[in-house]
Structure formats: C-alpha cells, structure tokens
Amino acid sequence: MKTPGPDHPITVTPEPRRVRVIVAGTVVADTRDALRLEEARYPPVFYVPRRDTLADAFVPSARTSHCPYKGDAGYFDLSVAGTRRPDAVWSYEAPYPAVEAIREHVAFYPDRVDAIEVVD
C-alpha cells in the first residue's frame, strides 16, 4: 500500500452537482451524492453511491485490477436494453484508508457509456 503525497496526490471531495450516467437511452446512475476523486495527473473520476444506480444493469465481470494507492478493484459489465458494455464499471470493495470514502461507490469509464452528465 502506498500513501498519497506530494508526488502522487489523491483528493476525494463531494461533488455538489448532479451526476447522471446513461447507456442505451437508460439512466443507470443518477445522484446528487457523487464523490469526485482527483488523482495525480489523471482526469477526475466521479464515484456514484451504489444506492443511486440501476443495480439490475450491473453484471459482475471476471476482471480485477490493483492500485497501490486505492486497493483492489472489481469490475462490472453493463447490460441495458440488449446492449452490453464490458468492464464499463469498477469499484473498490475494501479501499485503502486514504480513499475510504469511495467504499460502496462505483465509477464508470466515459468511453464505455453513452454519457456522463454533470449538471447544476
């Protein structure tokens, strides 16, 4: 486990705007309680509480990955209206202490969904 610091900063802050994720014309996530994770030089990522997702659309995937700063991630395909988007979603079931806030949240690859809308 690595700890975020000046050479690899990570911040997790509440996102005050509404975040919606759309696949095949279906809203698969809609929340005003998203978290915005900013890590080093990567683009910001929105983490949506699981309670604000369309759970039936999430199909567990065999893919996993490891981040030395966040922990082990599991992935999900999205299956909506006859459309399947492989490994479009990930989550950290047991995130490291520095990012504990993202527990029970999911994140979406922007290029594997039709839209991630962030609106006031």
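Val113 sits in the loop that links strand S9 (105-108) to strand S10 (115-119). Strands here are DSSP runs of E, at least two residues long, numbered from the N terminus. The model is predicted: local features need pLDDT of at least 70, side-chain atom pairs count only at pLDDT 80 or more, and totals for chains, interfaces and linings use all residues. Residues are numbered from 1 along each chain as its sequence is written, and side-chain values use heavy atoms, with hydrogens and water left out.

Val113 counts as buried because its relative accessibility is 6%. Buried means under 20% relative accessible area (1.4 Å probe, protein chains only). Not counting residues up to four places away in sequence, Val113 touches Val21, Ile22, Val23, Leu78, Arg85 and Phe108. Contact means heavy atoms within 4.5 Å. Between the C-alpha atoms of Val113 and Val89 the separation is 9.2 Å. These two residues are 24 residues apart along the chain.

Arg85 belongs to strand S8 (residues 83-92). Arg85 is also buried, at 18% relative accessibility. Its contacts, again not counting residues up to four places away in sequence, include Val23, Phe76, Arg112 and Val113.

The largest pocket is lined by 22 residues. A pocket is an open set of points on a 1 Å grid over the protein atoms alone, where a 1.4 Å probe fits, with protein on both sides within 12 Å along at least five of seven lines; lining residues have an atom within 4 Å of a point. Glu39, Tyr42, Pro43, Val45 and Trp90 lie nearest the centre of the largest pocket. S5 gives the most to this lining, with 4 residues.

Definitions and conventions: Buried < 20%, exposed > 50% of the residue type's maximum accessible area, 1.4 Å probe, protein only.
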